[in-house]
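Subject: Structure handover

Hello,

Here is the structure for you to look over.

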Amino acid sequence: DPNPYTSPNNEGHNYFLSQNPYTLNSYAGFGEVYYNLVDNLKLTGGLRWTDDRKHFTDIPSELLIRGFGYPSTGFVNQQWDQLTGRAVANWTPKVDFTDQTLIYASYSHGYKAGGANPPGAVLLTFGAGDVSNPIHPLTFKPEFIDAYEIGTKNSAFDGAVTFNGDIFFYNYKGYQISEIVDRTAINLNFDATVKGAEVEATYEPLPGLTFHFAGGYEH
């Protein structure tokens, strides 16, 4: 290594180096429409178009390999075009036991781009029987989610009492999980579901004295 250990500049092999340089260009356009079906029922619809382009330079990590520098072994170019959106219904009925009540239901379809993983390390070998170079998944897929939620928000007694609650269900396709492998981080894809419920309440019996409660369940 032509450099002192206090000034590494990627030209030596007496230290471990893991890097995953990439360029990302992301373009998107989105819009929403609101429509009052009746006085107390509002509908919302939204769409989003996203174009993601990624350019990766594959640079294996090397240690004690003859020569200098950490050369690139290739490039990975990726592109995704996705249409996502959401739909929401807000209902504000008049009920006797609250000042204001909102009941809502929503569905949304989301997306997160995939990418490329750093290549496996290049290990020093002398002959047959040595540990082979580890192979990482070259790329990982985009992540998609379908999210469903139903909830309510309420206030009563001139705002002295509030109560909010919701139940939700998330369905993931290709959920991205980061994992440390061979001293570097790679991403893998898994399907997953999340479901649960939340409640939140406040009570203010006297000015300046407020009680709070919040709870949730998630599986």
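Phe211 lies in strand 10; strands are DSSP runs of E, at least two residues, numbered from the N terminus. This is a predicted model, so local features need pLDDT of at least 70 and side-chain atom pairs pLDDT 80 or more, while totals for chains, interfaces and linings use all residues. Residues are numbered from 1 along each chain as its sequence is written, and side-chain values use heavy atoms, without hydrogens or water.

Phe211 is partly exposed, at 47% relative accessibility. The cut-offs: buried is under 20% relative accessible area, exposed is over 50%, and partly exposed is in between (1.4 Å probe, protein chains only). Beyond its neighbours within four places in sequence, Phe211 contacts (heavy atoms within 4.5 Å) Ala201, Thr202, Tyr203 and Pro205. Its C-alpha is 36 Å from that of His109, 102 residues away along the chain.

Pro207 sits in the loop between strand 9 (184-206) and strand 10 (209-218). Pro207 counts as exposed because its relative accessible area is 80%. Ala160 is 47 residues from Pro207 along the chain, and their C-alpha atoms are 9.2 Å apart.

Thr98 is also a loop residue, between strand 3 (74-91) and strand 4 (100-112). At 13% relative accessibility, Thr98 is buried. Setting aside neighbours within four places in sequence, Thr98 touches Asn154, Ser155 and Ala156.

Best regards

Notes:
Helix = DSSP H or I, 4+ residues; strand = E, 2+ residues; numbered from the N terminus.
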